[in-house]
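Open the model in your viewer and keep the sequence panel beside it. The tour below goes from stop to stop, saying what to select and what is there.

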Amino acid sequence: MMYIKLAIPDVVLLKPKVFGDERGFFMETFRHDDFVKHCGNYQFVQDNHSSSGKGILRGLHYQHKQPQGKLVRVTKGEVFDVAVDMRANSPTFGQWVGEYLSEHNKQMMWVPPGFAHGFYVTSDMAEFQYKCTDYYAPDDEYSLLWNDPVVNVDWPLAGSLPVLSAKDTQARLFAECPYA
Ligand SMILES: Cc1cn([C@H]2C[C@H](O)[C@@H](COP(=O)(O)OP(=O)(O)O[C@H]3O[C@@H](C)C(=O)[C@@H](O)[C@H]3O)O2)c(=O)[nH]c1=O
């Protein structure tokens with residue numbers, strides 16, 4: 001596994017070593033010892049899996065008092081995955097990074113606690129799986145508006161507007177969000 005720090009260096013792109021043979025492929029998707037060395041001493045307590053159609057955008061979500069770090073990957077299809085730094089004392093506060101994650105590149109992204117996270121589905125559908133460092137706490141959850149003009153994420157939209165959940169259409173502007 002290669003661990004590559006992104007422009008916001010606390011966000012890490014993980015490139016697994018893939019062993020292909022006549023049966024298919026094998027790869028390690030998580031090793032605690034390497035993860036701790038490259039990303040920090042976190043423990044994961046919850047695993048999630050979602051499926052979404054083309055043009056769906058989920059996010060940008062974060063928990064404020066019980067922040068979740070997320071190790072995310074795609075097992076079918078492709079998404080553009082985004083992390084926004086919500087840590088007020090960070091030199092990269094309000095900045096974002098994004099990477100394509102797909103069943104083909106098999107990349108994963110480490111989104112630390114204190115970041116808002118979301119993704120946009122660029123393939124016909126996408127299966128998205130992730131590990132979390134804290135439990136889901138709906139009363140503590142916030143949604144940062146996907147197209148907030150200050151954060152200004154450059155989503156690779158395919159012409160039309162993305163499809164959002166009812167919750168995400170009611171998301172907050174960055175200026176109105178509680179910060180970590
Ligand atoms: C996230 C989550 C949702 N749920 C339930 C609540 C709701 O009825 C249903 C769908 O929830 P949501 O609409 O919040 O699902 P979704 O929009 O996929 O939310 C997720 O988005 C991505 C971008 C993230 O980063 C995640 O942390 C999470 O916020 O699933 C749980 O039971 N546990 C969970 O951990």
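Two strands pair if DSSP finds at least two bridges between them. Helices (H or I, at least four residues) and strands (E, at least two) are DSSP runs, numbered from the N terminus. Residues are numbered from 1 along each chain as its sequence is written. This is a predicted model, in which local features need pLDDT of at least 70, side-chain atom pairs count only at pLDDT 80 or more, and totals for chains, interfaces and linings use all residues.

**Stop 1**

Select Lys 70 and look across to strand 10: the residue standing opposite is Val 111. Next take Val 72, whose bridge partner in strand 10 is Met 109. Both pairs belong to the antiparallel pairing of strand 7 with strand 10, which has four bridges.

Now turn to the other neighbour of strand 7. Strand 12 runs antiparallel to strand 7 and is joined to it by six bridges. Here Leu 71 stands opposite Lys 131 of strand 12. In a regular strand the side chains alternate between the two faces of the sheet.

Is strand 7 largely enclosed or largely open? A residue is buried if 20 or more other C-beta atoms lie within 10 Å of its own, exposed if 12 or fewer, and partly exposed in between, with C-beta atoms placed from the backbone. Five of the seven residues of strand 7 are buried, so the strand is largely enclosed by the rest of the structure.

Six strands form an open sheet with antiparallel pairing, in the order 1-2-10-7-12-5. At the edges are strand 1 (2–5) and strand 5, each of which pairs on one side only. From one strand to the next, the twist averages 25 degrees; axes are lines fitted to C-alpha atoms, for helices over the stretch in contact, and angles run from 0 to 180 degrees between N-to-C directions.

Lys 5 has Val 12 of strand 2 as its bridge partner.

**Stop 2**

Select His 61 and its bridge partner in strand 11, His 117. Strand 6 and strand 11 pair over three bridges in the antiparallel sense.

Stay on strand 6 and select Leu 60, which is found there. The peptide bond leading from Gly 59 to Leu 60 is cis, with omega near 0 degrees.

**Stop 3: the nonpolar core**

A nonpolar core is a set of buried Ala, Val, Leu, Ile, Met, Phe, Trp, Tyr and Cys residues joined through C-beta atoms within 7 Å. The largest has 40 residues, and those touching the most other members are Val 11, Val 72, Val 79, Val 82, Ala 83, Val 84 and Met 109. Strands that each supply at least two residues of this core include strand 2 (12–15), strand 7 (70–76), strand 8 (78–85) and strand 10 (108–111).

Select Val 79 next. Two residues are in contact if their C-beta atoms, placed from the backbone, lie within 7 Å. Leaving out residues up to four places away in sequence, the contacts of Val 79 include Val 74, Leu 101, Phe 119 and Phe 128.

**Stop 4: around the ligand**

Which residues are around the ligand? They are Asn 48, Ser 50, Arg 58, Gly 59, His 61, Lys 70, His 117, Gly 118, Phe 119, Tyr 136, Ser 165 and Lys 167, taking a residue as near if its C-beta atom, placed from the backbone, lies within 6 Å. Strand 5 (46–53), strand 6 (57–63) and strand 11 (115–121) each give two or more residues to this shell.

**Stop 5: three loop residues**

Gln 43 lies in the loop between helix 1 (32–39) and strand 5. Gln 43 is exposed because 10 other C-beta atoms lie within 10 Å.

Lys 106 is in the loop between strand 9 and strand 10. The phi of Lys 106 is positive, near 55 degrees, in a residue other than glycine.

Finish at Asn 152, in the loop between strand 13 and helix 2 (166–169). Asn 152 has a positive phi of about 60 degrees. Most residues other than glycine have a negative phi, and most peptide bonds are trans.
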